[in-house]
Amino acid sequence: MTSTEAHTEGESHGNGSHEGEASPYLELSREAWADLAHETVSPLSAEELERLRGLSDRLDLTEVEQVYLPLSRLLSLYVSAAGGLHREQEAFLHRRTPPRTPFVMGVAGSVAVGKSTTARVLQQMLAHWPEHPNVALITTDGFLYPNAELERRGLMQRKGFPESYDRRALLKFVVDIKSGKEEVEAPTYSHLVYDVVGDEKVVIKSPDIVIIEGLNVLQPAGVRGDGRTGLGLSDFFDFSVYVDAGTSHIRQWYVERFLRLRETAFRDPHSYFRKYAALTRDEAVAEAERIWDTINGPNLTQNVLPTRSRATLVLRKDKDHSVRYVRLRKI
Ligand SMILES: Nc1ncnc2c1ncn2[C@@H]1O[C@H](COP(=O)(O)OP(=O)(O)O)[C@@H](O)[C@H]1O
Ligand SMILES: CC(C)(COP(=O)(O)O)[C@@H](O)C(=O)NCCC(=O)O
């Protein structure tokens, strides 16, 4: 296995160009990372692996085996180590207290970079490692303010920016999980109606692992009115993954997804975007580019990308979604 050290800032190239420079990250080329797959016995049967393909229209099974399988194994090691540390701490403190709180991990990255796909693949894979069968997945979009409230605050064109979320509720949600509350509820969001669904909640009960996926999960806590820094969501993460790619590729994926939705979900009479179903292809491309250039692109540059170096692990993708290198924080 070969590995190289990477810069803390800017983009690395997965080719060892920074070898020798001190860095808190370890960078593994795709080849080095994929080599780990040979040493990892898959917890999934061939049929289960095949079923994973259904999670995304274009998910490549080689990618699942070479990239996501070793990642799920590494995560499983972190979960076991956290369990071991918990037991040792309890013994040290002479406590015979309830079981440890769930292992919480964040999945961050731009709109359309592949966060949902990554999070769903990891959920399925992690649930197959016998030590932690109950893996819950929560997306932060349920914590967006309802459209009516966004309108009131003048934030309809800033959906996905940090201020468009009820950050207090999101923080309470993760604090409840990390306090060991057995049952925790999260609100949900409908991409179809483009709004939160007030009366639909996701209930998670005694999970072993909770994956929290969203644009801003690595945002640090802001400074409050009294000058103190509060707690941020990621202060409660045991691990985090940042899904990364070149901005021009992500923009392209956003437009392609928009075009696919125009053929499918936008045709639903309940769709907020049903007006887009009638657009010509060129008009649809222009509209998707407009939304990207005015909302999602600026949010990526101003808020999401600056949090990349906070992640425990960065998955850097190429134009075809294949992972080019993996960057992992040293421990
Ligand atoms: N690993 C992957 N391989 C192939 N296509 C992918 C992969 N991950 C995401 N995609 C595609 O990229 C687009 C965005 O992915 P998605 O998971 O919905 O992103 P996000 O949740 O970050 O908005 C989708 O069209 C999805 O099918
Ligand atoms: C719902 C989102 C803000 C993503 O939320 P997340 O789950 O990452 O918190 C995003 O997908 C979105 O809809 N953005 C608004 C601009 C657009 O329509 O693309």
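So, α3 against α4: on the α3 side we have Val64, Tyr68, Leu69, Leu71, Ser72, Leu75 and Ser76, and they meet Val121, Leu122, Met125 and Leu126 of α4. Two residues are in contact here if their C-beta atoms, placed from the backbone, lie within 7 Å. By class, that contact holds 9 nonpolar residues, 2 polar and no charged. For the classes, Ala, Val, Leu, Ile, Met, Phe, Trp, Tyr, Cys and Pro are nonpolar, Asp, Glu, Lys and Arg are charged, and the others, Gly among them, are polar.

Before I go on, this is a predicted model: local features need pLDDT of at least 70, side-chain atom pairs count only at pLDDT 80 or more, and totals for chains, interfaces and linings use all residues. Residues are numbered from 1 along each chain as its sequence is written, while chains are lettered from A and ligands numbered from 1 in the order in which they are written.

Back to the helices. Two packed helices are described by the angle between their axes and the distance between the axes. For α3 and α4, the angle is about 60 degrees and the axes are 9 Å apart. Axes are lines fitted to C-alpha atoms, for helices over the stretch in contact, and angles run from 0 to 180 degrees between N-to-C directions. So α3 is oblique to α4; the labels are roughly parallel under 35 degrees, roughly antiparallel over 145, roughly perpendicular from 65 to 115, and oblique for the rest. The crossing of α3 past α4 is right-handed, meaning the near helix is turned clockwise from the far one by less than a right angle, with anticlockwise being left-handed.

What does α3 (residues 61-92) do with α1 (residues 30-38)? Their axes come within 8 Å and cross at roughly 75 degrees, and therefore α1 and α3 are roughly perpendicular to each other. From α1, Trp33, Ala34, Leu36 and Ala37 meet Glu65, Gln66, Val67, Leu69 and Pro70 of α3. That contact has 7 nonpolar residues, 1 polar and 1 charged.

Next pair: α7 (residues 247-263) and α9. Their axes come within 9 Å, crossing at roughly 135 degrees, so α7 is oblique to α9. α7 also passes α9 in a right-handed crossing. On the α7 side the contact includes Arg251, Tyr254 and Phe258, and on the α9 side it includes Glu289, Trp292 and Leu300. By class we get 9 nonpolar, 3 polar and 4 charged residues.

Now the ligands. Which residues come nearest to ligand 1? Of the 17 around it, they are Gly114, Lys115, Ser116, Thr117 and His321. Near means that a residue's C-beta atom, placed from the backbone, lies within 6 Å of the molecule. α4 (115-128) and α7 each supply at least two residues of that shell, and the largest share, 3 residues, comes from α4. The ligand 1 shell divides into 5 nonpolar, 6 polar and 6 charged.

Around ligand 2 sit Val111, Thr139, Thr140, Asp141, Lys159, Gly160, Gly214, Leu215, Ile291, Ile295 and Asn296. Helix α9 (residues 281-304) gives the largest share of this shell, 3 residues.

Last, the whole chain. There are 9 helices and 10 strands, taken as DSSP runs numbered from the N terminus (helices H or I, at least four residues; strands E, at least two). The C-alpha trace spans about 60 × 45 × 45 Å along its principal axes.
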